[in-house]
Amino acid sequence: MNNCKIEPILIESGIIEKDGIYFHEASDFAKKHLFYPYWGAVYTCDIPYRVSRLKDYPKVYLLFYILEGELHVKCNGRHQIARKDEVIFLDCSIPHQYWAEKLVTFQWLHFEGAFTNVYYELLSKNGVKHSDKLEISLLLDNILNHIKNKDSNEHRLSAYIYDILTRLTIHPPLNESPAVKSAVHYMSQHYREAPSVEQIAGAVSLNPHYFSRLFKEKMGQTPHSYLLSLQLQRAKTLLIESTLNIQQIAEECGFTSSTQFIRAFKSKNAVTPRMFRKYYNPKGFKN
């Protein structure tokens, strides 16, 4: 485990706008037993943004999630381009470069800990770019918000990073459908509106009945079930990290009423939202 002090690059040409950099100081316990962040931010960049790490950089890891545009990266002699909703995962001790050739917005996080090296070896066999990872943006957003607000429960931060790494290991089926991929993206952006199957199918220009069959075939679950999982995932985050009451969370996550939300949550998690909140934060049980 590398515990040496490393410094961020503070002056980088080509940065147009940024949210951060936000820093986290890990405890000795976290450095020994957990995954933990160093710092992170959200950048919007254009030419001449370029970072080169050629040698003598400590063994710390770096994640990018591309929100808009594209980011070029070169590592181990291979040039790859990461575009919207794709991830770059780098071991910074291995010489590499990344740069913008046009406008790009991305989240980034330096981190380390636990078995990150094992995941990197597993995931880097086909390069440092990973596709179809929409849900990772939400996890990075959670981490950055924790660091920004100095509310950094280290076990929760570790869980978020572990979740990111495990999701990177999940590959889409070889026979994936572009329409289903688009539908997944649409639902990730509109789950708060609780779109109907007809609305989702319309967004990808398919007949609702055909779309439902295709989605079930490719994803192993119905569009409604997948949408519900997105809503409940967001609800869990709000139950743990916010002081919103149950009715407010139900509305934020696209449920028509708190009763519908409580019923759906208990069906999937075997406990009510209030009990779930109590397990993670006793203060929240008052809401």
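**Reading Ring Pairs and Strands in a Predicted Model**

Trainee: Leaving aside its neighbours within four places in sequence, which residues is Thr-116 in contact with?

Mentor: Contact means heavy atoms within 4.5 Å. By that rule, Thr-116 touches Phe-35, Tyr-61, Phe-89 and Phe-111, its neighbours within four places in sequence being left aside. Please note that this is a predicted model, in which local features need pLDDT of at least 70 and side-chain atom pairs count only at pLDDT 80 or more, while totals for chains, interfaces and linings use all residues. Residues are numbered from 1 along each chain as its sequence is written, and side-chain values use heavy atoms, with hydrogens and water left out.

Trainee: Where does Thr-116 lie, and is Thr-116 buried or exposed?

Mentor: Helices (H or I, at least four residues) and strands (E, at least two) are DSSP runs, numbered from the N terminus. Thr-116 belongs to helix α2 (residues 116–123). Buried means under 20% relative accessible area, exposed over 50%, and partly exposed in between (1.4 Å probe, protein chains only). With a relative accessible area of 1%, Thr-116 is therefore buried.

Trainee: How many aromatic pairs does the structure hold?

Mentor: Rings of Phe, Tyr and Trp (its six-membered ring) pair if their centres lie within 6.5 Å; planes under 30 degrees apart count as stacked, over 60 as edge-to-face and the rest as tilted. The structure holds 22 such pairs. In one of them, the ring centres of Tyr-43 and Trp-108 are 5.6 Å apart and the planes stand at 75°, so this pair is edge-to-face. Tyr-43 in strand β2 (residues 35–45) and Trp-108 in strand β9 (residues 104–113) are 65 residues apart, and their pair links distant parts of the chain. Tyr-43 counts as buried at 1% relative accessibility, and Trp-108 counts as buried at 7%.

Trainee: What kind of aromatic pair do Tyr-61 and Phe-89 form?

Mentor: Their pair is tilted, with 6.1 Å from centre to centre and 45° between the planes. Tyr-61 lies in strand β4 (residues 61–68) and Phe-89 in strand β7 (residues 87–91), so the pair ties together parts that are 28 residues apart in sequence. Tyr-61 is buried at 3% relative accessible area, and Phe-89 is buried at 1%.

Trainee: Which residues are on the covered face of strand β3?

Mentor: In strand β3 (residues 50–53), Val-51 and Arg-53 form the covered face, and Arg-50 and Ser-52 the uncovered one. Two strands pair if DSSP finds at least two bridges between them. Four bridges join β3 to strand β8 (residues 96–99), and the two run antiparallel. Ser-52 stands opposite Gln-97 in β8.
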